[in-house]
Amino acid sequence: MPTEIFNNLPEEKRNSIKQASLELLRTMPLDRITFKNVSDKSGVTRTSLYVYFENKKDLFEYVFADIHAHSGYKLQQLLQGQNLDIVDVFHEVINIIVQDIIEYGYEDIVRNVAIGIKLTPIDEYQSFNNIMDEIKAYIDGRCGENVMNIIEILFILFKHSLNAIFANFSMRDETINKFKMQTEFFKGYLHNK
């Protein structure tokens, strides 16, 4: 996230950095965007950007913070008083994200993020069996961990399906249906484990 120095800047300057970053994301993949590109587009020096943000990841976490907050609020509302199983919650998380992308008009931006993002392989997170055991423990009620930890694991497991949804947003209905079929199969596997 941004530094305190950035947070104390005038709103106009913070918005110029955000808008420049979003404009760049409309035309190029995330992994090709540099602080120099953002500097050229926003008029803020590259040196200042490094003072405001530790790295590009911090910058883009800031850029998308309002969407994350909005999606998080919708998810909280959904989960209050509900007794949904984790795969159904995961479906709802994806539905909320897709709705917010459409609402904000970020389809091109999300495609370029999906194209340029480096998704964490499962083996870098932990072994597949450990992942399955953690999800199963959560489903069986033996784990009181935050539901978002499990959602993060599911994002890793289904990264290719999710990337297909976001990389080709025009075919999202087809790719969302494929994703839901995969997760339903996964849910059946968990209940039989």
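Start at Lys57, which is exposed, with a relative accessible area of 57% (exposed is over 50%, buried is under 20%, partly exposed is in between; 1.4 Å probe, protein chains only). This is a predicted model, in which local features need pLDDT of at least 70 and side-chain atom pairs count only at pLDDT 80 or more, while totals for chains, interfaces and linings use all residues. Residues are numbered from 1 along each chain as its sequence is written, and side-chain values use heavy atoms, with hydrogens and water left out.

**Stop 1: the Lys57 pair**

Lys57 and Glu61 form a salt bridge, with the closest N and O atoms 2.8 Å apart (a salt bridge is a side-chain nitrogen of Lys or Arg within 4 Å of a carboxyl oxygen of Asp or Glu). The two sit four residues apart in helix α5, so about one helical turn separates them. Helices are DSSP runs of H or I, at least four residues long, numbered from the N terminus. Glu61 is partly exposed, at 30% relative accessibility.

**Stop 2: helix α3**

The count of salt bridges comes to three. Select Asp40 and Lys36 for another: their closest N and O atoms are 3.0 Å apart. Again the spacing is four residues, here in helix α3, about one helical turn. Asp40 is exposed at 54%; Lys36 is partly exposed at 43%.

Now pick Lys41 and Glu23. Their side chains meet in a salt bridge at 3.6 Å, N to O. This pair links distant parts of the chain: Lys41 lies in helix α3, Glu23 in helix α2, 18 residues apart. Lys41 is partly exposed at 45%, and Glu23 is partly exposed at 40%.

**Stop 3: a lysine in α2**

Select Lys18, in helix α2. Is Lys18 buried or exposed? Lys18 is buried, with a relative accessible area of 13%. Beyond residues up to four places away in sequence, Lys18 touches Tyr62, Val63 and Asp66 (contact means heavy atoms within 4.5 Å).

**Stop 4: the cores**

Show Ile17, Leu25, Phe53, Leu59, Phe60 and Phe64. Of the 25 residues in the largest nonpolar core, these touch the most other members. Such a core is a set of buried Ala, Val, Leu, Ile, Met, Phe, Trp, Tyr and Cys residues joined through side-chain atoms within 4.5 Å. Helices α2 (11–27), α3 (35–42), α4 (46–52), α5 (56–63) and α8 (107–116) each supply at least two of its residues.

Centre on Leu59. Neighbours within four places in sequence aside, Leu59 is in contact with Ile17, Ser21, Phe35, Val38 and Phe53.

Finish at a second, separate core of five residues, including Ile94, Val98, Ile176 and Phe179.
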